[in-house]
There are 2 protein chains.
Amino acid sequence: MKGHQVTIKDIAKILHISPSTVSRALKDHPDINPKTKKNVQDLAKKLNYKPNQVALNLLQKESKIIGVIVPEIIHYFFSTVISGIEKIANEQGYHIIIAQSNESYHKEVENVQALMSSNIDGFIITMAKTTMNFDHFKNIETVGVPMVFVDRSCDEVTADKVLVDDFDGAYKATKHLIDNGCKTIVHLAGPQNLEIGIQRKEGFLAALNDANVPVSDFSIQICDSHDHALRLLPELLSKRNNIDGIFAVNDLTAIGAMKAVKAMNKKVPDDVAISGFTNSFISYIADPELTTIDQKGFEMGQHAARMLLKRIKSDENYGPVTTILNTELVVRKSSLRKK
Amino acid sequence: MKGHQVTIKDIAKILHISPSTVSRALKDHPDINPKTKKNVQDLAKKLNYKPNQVALNLLQKESKIIGVIVPEIIHYFFSTVISGIEKIANEQGYHIIIAQSNESYHKEVENVQALMSSNIDGFIITMAKTTMNFDHFKNIETVGVPMVFVDRSCDEVTADKVLVDDFDGAYKATKHLIDNGCKTIVHLAGPQNLEIGIQRKEGFLAALNDANVPVSDFSIQICDSHDHALRLLPELLSKRNNIDGIFAVNDLTAIGAMKAVKAMNKKVPDDVAISGFTNSFISYIADPELTTIDQKGFEMGQHAARMLLKRIKSDENYGPVTTILNTELVVRKSSLRKK
DNA sequence: AGTCATTTCGCAAACGTTTGAAATAGTATC
DNA sequence: GATACTATTTCAAACGTTTGCGAAATGACT
């Protein structure tokens with residue numbers, strides 16, 4: 001069925017010379033007779049010769065491929081991270097091979113092993129939420145394949161990391177709500193066993209504290225999904241009618257809250273101002289458009305790729321580097337009040 | 001820096017036997033002494049031996065990798081397609097390598113060439129909008145690498161295709177609006193040089209025709225972006241106050257229209273019912289949630305992968321197959337009126 | 001003891017490419 | 001006409017694995 005790409009051997013046979021001569025001619029080696037060189041190069045172009053990457057890979061132990069493992073590419077954040085990675089990788093002649101863990105530890109282990117045997121030059125990984133055992137990462141480490149963690153940190157393995165300053169982001173979002181006149185702000189918080197859940201909550205509390213805004217017993221609600229917010233907020237708002245600000249741990253939850261607030265005939269932002277976190281595409285779709293914290297997925301991806309490629313190309317074994325990117329407050333209508 | 005994965009040669013050296021014996025022992029070849037077999041297998045397990053895919057690839061001319069080229073993975077539709085592909089591919093022991101064209105012809109050509117020299121076993125491609133020359137695809141064809149087109153068809157190349165019935169989808173959406181009492185429906189149409197733009201418009205017109213709903217001079221508006229809809233609709237609605245239904249060529253445009261309608265203090269769906277097309281994630285985010293046509297990205301991906309793998313594994317050279325998937329009407333609040 | 005079969009293993013080639021070293025041919029020098 | 005040098009080309013090994021074929025060793029049977 002499958003034909004075959006033109007090889008150096010084919011060219012050699014046609015021109016009645018040896019493969020090594022062809023190889024050298026193609027890369028302008030000074031030892032080769034200019035006439036031979038021209039013959040070879042012309043024929044190569046004519047036959048559309050392209051070097052077989054697999055053979056080069058086997059020989060040189062580098063595949064020019066980096067493996068990317070993320071939970072799910074359908075999430076806007078991860079697809080922006082991937083785009084950032086691909087951009088930098090392509091610029092430096094690398095390709096990426098993508099595998100999804102679907103937040104499953106087992107799928108993650110499978111993916112790591114499969115990619116390891118494909119002579120991947122390096123890994124960029126966002127761990128699955130369910131990953132508690134890190135042997136598969138340690139295996140990567142011992143074999144000596146470079147690896148960068150993105151967004152979710154794994155302290156048990158020495159590797160480069162690209163994180164985002166969740167605390168500061170939450171702080172900025174909360175301060176922004178306060179600055180817009182919110183007196184009673186609720187934080188819809190993520191699970192408190194995850195670092196991002198904790199950091200964003202702490203940033204929220206710190207901002208309240210610095211502005212001398214009192215914290216109530218209902219200030220923090222564990223609620224991190226669209227539907228949960230849709231259920232929770234009517235109840236919460238009817239009990240606490242003075243709530244005038246909501247900072248949600250992610251955009252989707254913020255939008256759920258927004259819908260609930262509107263359904264109770266309260267105005268966003270005038271009655272209740274709302275901020276999300278991530279700056280995913282949907283924050284632009286919401287009505288009113290959602291104020292949020294840009295988590296810089298594209299930049300994270302770019303940084304991760306640069307760090308990885310630097311390590312791939314480096315000979316010395318410098319210690320692990322952690323980059324923490326700054327978030328950015330994106331002010332849109334859901335929080336902007338005329339003062 | 002980089003250590004190295006354990007190879008067959010390593011095992012052979014340790015056990016003072018030849019690589020060929022190790023190879024055979026590992027795959028339970030009957031020629032091998034059970035005792036040797038056990039030694040080899042035990043040591044392999046202990047050293048965590050994993051066969052080097054690259055070497056196998058070079059030898060057997062198959063990489064177990066399929067190349068996927070799409071315009072942009074950040075688009076919900078494409079990421080669902082990819083998820084569908086990955087699922088089927090993984091089930092059959094394949095991995096996918098993803099490249100984005102960013103709707104650029106040149107990037108697409110580059111990607112094709114780069115993946116070709118990586119001994120990809122097959123391609124799944126959604127062409128860039130700007131692609132008008134098909135030599136790079138013809139090259140794939142002549143080399144004999146199987147290829148499946150998804151969503152956007154390319155008639156100049158013989159290859160399998162997975163498409164969706166745009167005409168029928170548009171027909172169903174329009175009929176649904178009519179069934180919900182809409183008398184004056186506007187279609188926000190895509191560019192009429194693209195097949196999907198044409199098909200969706202034709203489906204719209206056919207539905208109107210079958211229901212004896214008259215077509216006005218303003219029934220079709222070329223408008224296929226969120227912002228364009230935001231600008232266009234206030235103008236349109238003030239001129240034509242009787243418009244009571246909108247069928248947009250995609251969800252994003254539909255949501256832009258929805259925002260504009262709401263801003264004019266008209267109610268969705270009671271004053272104006274709206275339907276989009278694609279069923280992307282944002283249709284669930286819109287307020288009210290958007291009725292739309294499910295374009296079945298995940299299923300398209302799965303189909304494409306199955307078709308490709310079938311061809312990869314097949315010896316006979318059967319003719320190209322085109323699969324046209326049915327869309328599905330997803331009814332949500334933006335179009336549902338109490339009759 | 002010679003023949004034959006059986007069991008177990010190693011050799012060598014192959015996949016496509018690169019590269020140090022060796023070989024060949026040609027030219028110049030003495 | 002021998003030596004040395006240069007220019008150009010080829011050889012062979014290597015990357016890790018598979019596999020047809022042959023080799024060696026063992027045992028059984030005549």
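Where does P269(B) lie in chain B? I looked this up before anything else. P269(B) sits in the loop between α11 and β9 (273-275) of chain B. The model is predicted, and I read every entry below with that in mind.

**Cis peptide bonds**

V268(B) and P269(B) are joined by a cis peptide bond, with omega about 10°. I then turned to chain A. The bond from D287(A) to P288(A) is cis, and its omega is near 0°. P288(A) is in the loop between α12 (282-285) and β10 (292-294) of chain A. I noted these bonds because most peptide bonds are trans.

**Positive phi**

Next I looked at backbone angles in chain B. K64(B) is not a glycine, yet its phi is positive, near 60°. I found K64(B) in the loop between α4 and β1 (65-70) of chain B. Its relative accessibility is 28%, so K64(B) counts as partly exposed.

N119(B) also has a positive phi, about 55°, without being a glycine. I placed N119(B) in the loop between α6 (105-116) and β3 (122-125) of chain B. Is N119(B) buried or exposed? Its relative accessibility is 13%, so N119(B) counts as buried.

**How the chains are related**

I superposed chain A on chain B. A rotation of 180° does it, with 0.1 Å of shift along the axis and an RMSD of 0.1 Å. The two copies are therefore related as by a two-fold rotation axis. In chain A, the C-alpha nearest that axis belongs to I97(A), 2.1 Å away from it. Both copies use the same surface: 98% of the contact residues of chain A recur in chain B.

**Nonpolar cores**

Which residues touch the most other members of the largest nonpolar core? I found I66(A), I124(A), I66(B) and I124(B), in a core of 54 residues. Beyond its neighbours within four places in sequence, I124(A) contacts residues including I66(A), V68(A), I85(A), V148(A), A304(A) and L308(A). A second, separate core holds 50 residues, among them L188(A), A286(A), V261(B) and V272(B).

**Cavities**

The largest cavity holds about 190 Å³ of space. I counted 16 lining residues; N57(A), I65(A), N57(B), I65(B) and S118(B) lie nearest the centre of this cavity. α4 (53-60) of chain A and α4 (53-60) of chain B each supply at least two residues of that lining. I sorted the lining of the largest cavity by type: eight nonpolar, eight polar and no charged residues.

The second largest cavity holds about 70 Å³. It has 14 lining residues, and those closest to its centre are A286(A), D287(A), I285(B), A286(B) and D287(B). α11 (251-263) of chain A and α11 (251-263) of chain B give two or more residues to the lining of the second largest cavity. What types of residue make up this lining? In the second largest cavity I found eight nonpolar, no polar and six charged residues.

**F218(A)**

My last stop was F218(A), in the loop between α9 (195-210) and β7 (220-222) of chain A. F218(A) has a relative accessible area of 8%, so it is buried. Leaving out residues up to four places away in sequence, F218(A) touches T184(A), V186(A), R240(A) and I243(A). F218(A) and T184(A) are 34 residues apart along the chain, and 9.9 Å separates their C-alpha atoms.

Technical notes. Residues numbered from 1 in each chain as written. Chains lettered and ligands numbered in written order. Predicted model: local features only at pLDDT ≥ 70, side-chain atom pairs only at ≥ 80, totals over all residues. Heavy atoms only, no water. Core = buried A, V, L, I, M, F, W, Y, C linked by side-chain atoms within 4.5 Å. Buried < 20%, exposed > 50% of the residue type's maximum accessible area, 1.4 Å probe, protein only. Contact = heavy atoms within 4.5 Å. 1 Å grid on protein atoms, 1.4 Å probe; cavity = no way out; pocket = protein on both sides within 12 Å on 5 of 7 lines; lining within 4 Å. Points joined across faces, edges and corners; volume = space filled by probe spheres on them. Helix = DSSP H or I, 4+ residues; strand = E, 2+ residues; numbered from the N terminus. Nonpolar A, V, L, I, M, F, W, Y, C, P; charged D, E, K, R; others polar. Least-squares fit on C-alpha atoms with pLDDT ≥ 70 in both.
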